[in-house]
Amino acid sequence: MFWIRLRSSIILVILALITLLAGGKILLAMMIFLSVIAYRELAGATGVGRQEKREGLTEATLEKREINGLEIVGIAGIIFYYLLLEINMETGLLSVQTGILLMIIFAFMGGMFVYVFGFPKFQASQVIAAFFSFFYGPVCLSFIYLTRELGRDASGSGKAIGVFIVWLILISSWGCDTCAYCVGMLLGKHKMSPILSPKKSVEGAAGGVLGAAALGALYGVAIQEKIADERVIVFFAVICGVGALISMVGDLAASAIKRNAQIKDYGKLIPGHGGVMDRFDSVIFTAPVIYFMAVFLLTETSL
């Protein structure tokens with residue numbers, strides 16, 4: 001299992017390097033793929049496409065379940081959402097915030113149409129779960145793409161400073177995981193969340209936040225000449241520290257949903273890790289925070 005997990009981790013790192021460095025439509029296609037998978041995993045865990053009782057839910061039933069009308073609307077919404085983001089990048093037609101709000105409303109309305117005209121096939125709780133799955137997975141994941149494309153103007157000739165900022169998402173989430181694990185193994189005594197994650201400790205959490213902040217500062221030192229802001233080292237440390245704290249909440253939130261659904265993993269896409277939600281649980285929470293902190297903290301000349 002260790003070697004399978006290690007091999008998958010290496011492949012993930014390589015794919016992350018390729019897609020994040022490339023940006024643009026290559027990253028867009030990857031984010032659509034990950035978002036659709038994440039949506040399906042969440043939809044299965046939260047009961048969007050499930051008719052059987054919760055007691056009968058297993059990973060096998062999640063894998064074999066058929067797609068339904070609510071999920072079709074959700075998947076169509078994901079594709080149109082990302083295409084709208086790309087159109088905005090190319091044309092500057094709408095602001096990022098307006099595009100996000102517009103597609104969230106469309107996703108909600110689409111789910112309600114299926115609910116009303118398919119009544120009584122779906123329960124209200126399923127419609128709510130479908131909307132939750134759309135926002136939690138695809139919308140939050142889209143901030144990886146938005147962060148990577150920061151600074152890109154409508155003509156495509158702008159200084160895409162996002163190619164440097166986007167790595168803060170991985171530093172604050174995966175870096176926090178690594179530092180928290182090491183510190184927790186050495187010093188961990190007080191349980192942080194004994195029910196959801198018995199192995200996580202308060203000491204490990206503190207080490208994760210401080211470690212991520214230190215990694216952010218070191219990254220700032222390495223690229224400070226690329227960003228026109230002399231405070232970049234401090235800002236990167238703050239961004240990664242806050243992002244690390246948020247990432248731990250994301251990790252526990254994803255675990256809580258699995259506990260409620262009585263499943264071990266969201267999926268089997270990534271050998272040794274589980275599904276997209278199992279591997280990107282902390283990243284999903286961290287990405288929006290990194291995006292908005294980068295916009296608000298870094299100066300206009302930087303972006």
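## Two helix pairs that pack against helix 4

Helix 4 and helix 5 are roughly antiparallel to each other, a term used for angles over 145 degrees. The model is predicted, with local features needing pLDDT of at least 70 and side-chain atom pairs counting only at pLDDT 80 or more, while totals for chains, interfaces and linings use all residues. Residues are numbered from 1 along each chain as its sequence is written, and side-chain values use heavy atoms, with hydrogens and water left out.

**Exercise 1.** Describe how helix 4 and helix 5 cross, and by which residues they touch.

*Solution.* Begin with the axes: those of helix 4 (residues 69-91) and helix 5 (residues 96-117) come within 9 Å and cross at roughly 160 degrees. Next, take the handedness, which is right-handed as helix 4 passes helix 5. Finally, sort the contact residues by class, which gives 10 nonpolar, six polar and no charged residues, with Gly counted as polar.

**Exercise 2.** Work out the relative direction of helix 2 and helix 4, and the make-up of their contact.

*Solution.* The axes of helix 2 (residues 24-46) and helix 4 come within 10 Å and cross at roughly 155 degrees, and the two helices are therefore roughly antiparallel to each other. Their crossing is right-handed.

Notes. Axes are lines fitted to C-alpha atoms, for helices over the stretch in contact, and angles run from 0 to 180 degrees between N-to-C directions. Helices (H or I, at least four residues) and strands (E, at least two) are DSSP runs, numbered from the N terminus. Angles under 35 degrees count as roughly parallel, over 145 as roughly antiparallel, 65 to 115 as roughly perpendicular and the rest as oblique. A crossing is left-handed if the near helix is turned anticlockwise from the far one by less than a right angle, and right-handed if clockwise. Contact means heavy atoms within 4.5 Å.
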